[in-house]
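User: Could you walk me through this model before I set anything up with it? I'd like to start with chain A and then move to chain B.

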Amino acid sequence: MRAFVTVGSTRFDALIQEVIKEDILLSLSRSGYDEVSIQCGNSSFEFSSSVADGSVHDIERAEVSVSCWKFKPNLEEEYEEADLVISHAGSGTILDVLRKGKRLIVVPNETLLDNHQHELAIALEEKNHLKSSTIADLAQTINEINTAQLTPFPPHDGKLFAGVLDITMGFI
Amino acid sequence: MDSPFARMSPLGTMSLSSALALSASVSVVCATIAVLRLFSILPHSGGDAPKPRLRPHHPTCKLSVFLGSGGHTSESLAMISGLDFKKYQPRVYYVSEGDTLSAHKAIELERRKIDATRESSNEVVPSYHGANSNDISRTQPTPDLEGEPYKIVVIPRARRVHQSLLTTPVTALVSLLSCIYFITVQPFLQRKSRKSRFNQRPRGTSSPPAGGADQNEVLVLNGPGTCLMLAAAVYLNRILALPSPVIIYVESFARVSSLSLSGRLIQPFADRFIVQWPQLLRSAKTGEYHGWLV
């Protein structure tokens, strides 16, 4: 199985540093993951100099093949191939991943001043669509998520906004 | 010898101080009138949103939407993707300067919608970039459509990420002036040229141009800050009693328990203020909730 770690367009040093540690990779490999793809963005970590020129850095650790890279124009394919996504709590990533029906662990970046990312993660966890975690609890959350009964996220309903607009503009 | 004009001109006989006092009182009166007018047209103080044009006499609605980059762009395009593009055309996508990704995503959506229409029916549909604009007018007789089914309009950012608060008023003003050009000035000029073209035609060939034909009928906003400049330009139109679009503000899906700064600032001015989490209705006081729109 394959796990995909993503931090979006910015950086999240603590998350990237954590997911390449032996104990997190061990949790992943015990849960059946043998591949981990890491989109590290501008995060500073062990291999940040190796990926600085846009190349992919591959390592083998705790029986998991890990590949790190900075950015791709489109992450759709990565989401498709993944069985589990571990991400910062960006709303765009959350919507994309949940709409693909993938298991998602979000780790809100506590160092950001504006904590509304955290609010969204908690609200969606309350609805049982994903698991919200912290750097310290990440290994534990990885152990739990495979057996967790998550509620499928509702597909996009384009009729909702169309209905509002049709009424406003006099079509209905 | 005294110039006769000096005596005739009112300013010539007026002292500098009284001239200043006169111009000051004129500006105070003008500002007061503008503020009173603004208050009388606010959506929640009894003013009405622009009345939608009569359907089915106008089978199409000119739509505009601001793509605020990143998550805002995804949310706006997700909302627009559910619309019937035959009804909502032509479409205007406002993007921030330098945000080529949002422009590409808009083009991508337009392409996807065309493909979807092709698959669902066998009728001829126009190519996505208006390359066959003649085909469009043949298959869909729409009085508002001039050429392309959509266009992308670039406006300068009101404030860049991490920009200092000190220089923000300057960039915000540049952004506002650009919005005023696209929302107030350009439609006004188009209306004038359309009228003069109509007057040059032989009589009775077609109906006169509709009042709001060159103005967007609805403006969909989702944030961030630059969308306030678009809203301000819309209000300039309303103060001047020019045609103006209905403002629909949809708060970001990421906002669960507190409104964004853009949301709080735009709330008194939006004709429809929509949130995507019901618990926000408590803090927002006014607003609507229709489920997740993105």
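User: Which strands does helix H2 of chain A lie across, and at about what angle does it run to S4(A)?

Analyst: Bearing in mind that this is a predicted model, helix H2 (residues 22-30) of chain A lies across strand S1 (2-6), strand S2 (35-39), S3, S4 and strand S5 (84-87) of chain A, and its direction makes an angle of about 120° with S4(A).

User: And what does helix H7 of chain A lie across?

Analyst: Helix H7, which covers residues 138-145 of chain A, lies across S5, strand S6 (103-106) and S7 of chain A, and it runs at about 165° to S6(A).

User: OK, what order do the strands of the sheet in chain A come in?

Analyst: The sheet is open and has seven strands, ordered S3-S4-S2-S1-S5-S6-S7 (chain A), with mixed pairing. Strand S3 (57-61) and strand S7 (131-132) of chain A are the edge strands, each of them pairing on one side only.

User: How does S4(A) pair with S3(A), parallel or antiparallel?

Analyst: S3(A) and strand S4 (residues 64-69) of chain A run antiparallel and are joined by five bridges. Within that pairing, Glu60(A) stands opposite Ser65(A), while Arg61(A) stands opposite Val64(A). The hairpin of these two strands has two residues between them, and Ala62(A) takes a positive phi near 50° there.

User: And S2(A) with S4(A), parallel or antiparallel?

Analyst: Those two pair in the parallel sense, again over five bridges, and Glu35(A) has Ser65(A) as its bridge partner in S4(A).

User: How many of the residues in S4(A) are buried?

Analyst: Five of its six residues are buried, so that the strand is mostly covered, where buried means under 20% relative accessible area.

User: Switching to chain B: what is its average pLDDT, and which element has the lowest mean?

Analyst: Chain B averages a pLDDT of 83, and 79% of its residues score at least 70. Among its elements, helix H6 (residues 133-139) of chain B has the lowest mean, 37, whereas strand S4 (residues 218-221) of chain B has the highest, 98.

User: Where does pLDDT stay under 50?

Analyst: It stays under 50 over residues 124-145 of chain B, a stretch for which the model has 35 contacts beyond four places in sequence. Where pLDDT is low, the predicted coordinates should not be read in detail.

User: Last one: which residues of chain B are annotated as a transmembrane region?

Analyst: An unreviewed UniProt entry gives that annotation to residues 170-189 of chain B. In the model this stretch is 100% helix and 0% strand, with its end C-alpha atoms 27 Å apart.

Technical notes:
Residues numbered from 1 in each chain as written. Chains lettered and ligands numbered in written order. Predicted model: local features only at pLDDT ≥ 70, side-chain atom pairs only at ≥ 80, totals over all residues. Heavy atoms only, no water. UniProt positions renumbered as here; feature names shortened; annotations may be inferred. Helix = DSSP H or I, 4+ residues; strand = E, 2+ residues; numbered from the N terminus. pLDDT = per-residue confidence, 0-100. Contact = heavy atoms within 4.5 Å. Pairing = 2+ DSSP bridges. Axes fitted to C-alpha atoms, helices over the stretch in contact; angles between N-to-C directions. Buried < 20%, exposed > 50% of the residue type's maximum accessible area, 1.4 Å probe, protein only.
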